[in-house]
Amino acid sequence: MLPETTEAVINAALRMHLLREEKLVGAEAKEALIAQLAELEESLTVADVETLVQSSSAVLERCARRGASAAQLEGMLKQEEEVSADQVEAYVAAWRKHEAKISEAMRARSFFGTTLQRISWRVDVASKSRHIEDISEPCTIVELEIAPPRAANPEIVRFEMDRDSLASLQGEVSKVRALLTSL
C-alpha cells in the first residue's frame, strides 16, 4: 500500500472512531469516505479499506486508552511484526498531529457526570431587612452553570453565602486542592 494511502486510512480511522467527528458520524458519510479511500489504489476494494480502517482504529484505540505518547506508540508498533516502518511512521505522524484532540476526546468519553461549565459571583450588601443586625451585612451571590458533557442547555444554580458559609467553603476547597496535589 502506498504511504499516502496508509496515512489517509489512519487519519480516517482516527477521525471516525477516536475523535468521532460530527461530519463522519452517519453511516452514509462513513461509507462515502471509505469509498474515496478505496479509489486511492486500484488494488483496494471497499471491504479491504473497511478492514484497514477497523484494524487501524483498534491500534489507535488501544494506545489512546493507555494514554500513550507518540514515542510509546512507536515502540509498541515496532514490536508488532505485521506493521511496516512506513505504517509506523504514518501512525506516529497522525498521533503527534492529533494527540491533544485524542486526549480530550478520550477524557470526554470517559466522564459521564455533570461538570461545572462556568462560575460567576457578586457581593451584595443588604440595605433593608426584617432584622436590624442584617443591614449592611455583605453576602455573596454565586451562580454555577452545570451540565453533562456535550449538553446543549446547562442547568443554572444560584445561591447566597454569608461570611461564615464562604469561609467554610474555602476550607473545604483547600482540603480538596491539598488532596489533589498530593496525588
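How many helices and how many strands does the secondary structure of the protein come to? The secondary structure comprises six helices and three strands, where helices (H or I, at least four residues) and strands (E, at least two) are DSSP runs numbered from the N terminus. This is a predicted model, in which local features need pLDDT of at least 70 and side-chain atom pairs count only at pLDDT 80 or more, while totals for chains, interfaces and linings use all residues. Residues are numbered from 1 along each chain as its sequence is written, and side-chain values use heavy atoms, with hydrogens and water left out.

Read from the N terminus on, the elements follow the order α-α-α-α-α-β-β-β-α. The C-alpha trace spans about 85 × 40 × 20 Å along its principal axes. The radius of gyration of the protein is 26 Å, whereas a compact globule of 183 residues would have one near 16 Å; this radius is taken over C-alpha atoms, and the globule rule is 2.2 Å times the number of residues to the power 0.38. Of the 183 residues, 29% count as buried. Here buried means under 20% relative accessible area, exposed means over 50%, and partly exposed lies in between, with a 1.4 Å probe and protein chains only. Contact means heavy atoms within 4.5 Å. Among contacts between residues at least 6 apart in sequence, 52% join residues at least 24 apart.

The helices come next. Thr6 has its place in helix H1, which covers residues 3-18. Thr6 counts as buried because its relative accessibility is 6%. Not counting residues up to four places away in sequence, Thr6 touches Met1, Gln87 and Ala90. Thr6 and Tyr91 are 85 residues apart along the chain, and their C-alpha atoms are separated by 8.7 Å.

Helix H2 (residues 27-38) packs with helix H3 (residues 46-66) at an angle of about 110°, the axes being 9 Å apart. Because of this angle, H2 is roughly perpendicular to H3. Axes are lines fitted to C-alpha atoms, for helices over the stretch in contact, and angles run from 0 to 180 degrees between N-to-C directions. Angles under 35 degrees count as roughly parallel, over 145 as roughly antiparallel, 65 to 115 as roughly perpendicular and the rest as oblique. On the H2 side the contact is made by Ile34, Ala35, Leu37 and Ala38, and on the H3 side by Val46, Val49, Glu50 and Val53. These residues divide into seven nonpolar, no polar and one charged. In this division Ala, Val, Leu, Ile, Met, Phe, Trp, Tyr, Cys and Pro count as nonpolar, Asp, Glu, Lys and Arg as charged, and the others, Gly among them, as polar.

Helix H5 covers residues 85-110, and Ala85 has its place in this helix. Ala85 counts as exposed because its relative accessibility is 61%. Ala85 and Glu172 are 87 residues apart in sequence and 53 Å apart in space, C-alpha to C-alpha.

The strands can now be taken together. They form an open sheet in the order E1-E2-E3, with antiparallel pairing; two strands pair if DSSP finds at least two bridges between them. Strand E1 (115-125) and strand E3 (155-161) are the edge strands, each pairing on one side only. Neighbouring strands of the sheet are turned by 15° against each other on average, direction ignored. Helix H6 (residues 163-182) packs on the sheet, where it touches E2 and E3, and its direction makes about 120° with that of E3.

E1 pairs with strand E2 (residues 138-147) over 10 bridges in the antiparallel sense. Thr115 stands opposite Ala147 in E2, and Asp124 stands opposite Cys139 in E2. The pairing of E2 and E3, also antiparallel, runs over seven bridges. There Glu145 stands opposite Ile156 in E3. E2 is largely enclosed by the rest of the structure, because eight of its 10 residues are buried.

Leaving aside neighbours within four places in sequence, Cys139 is in contact with Arg122, Val123, Asp124, Glu160 and Met161. Cys139 and Met161 are 22 residues apart along the chain, and 5.6 Å separates their C-alpha atoms.
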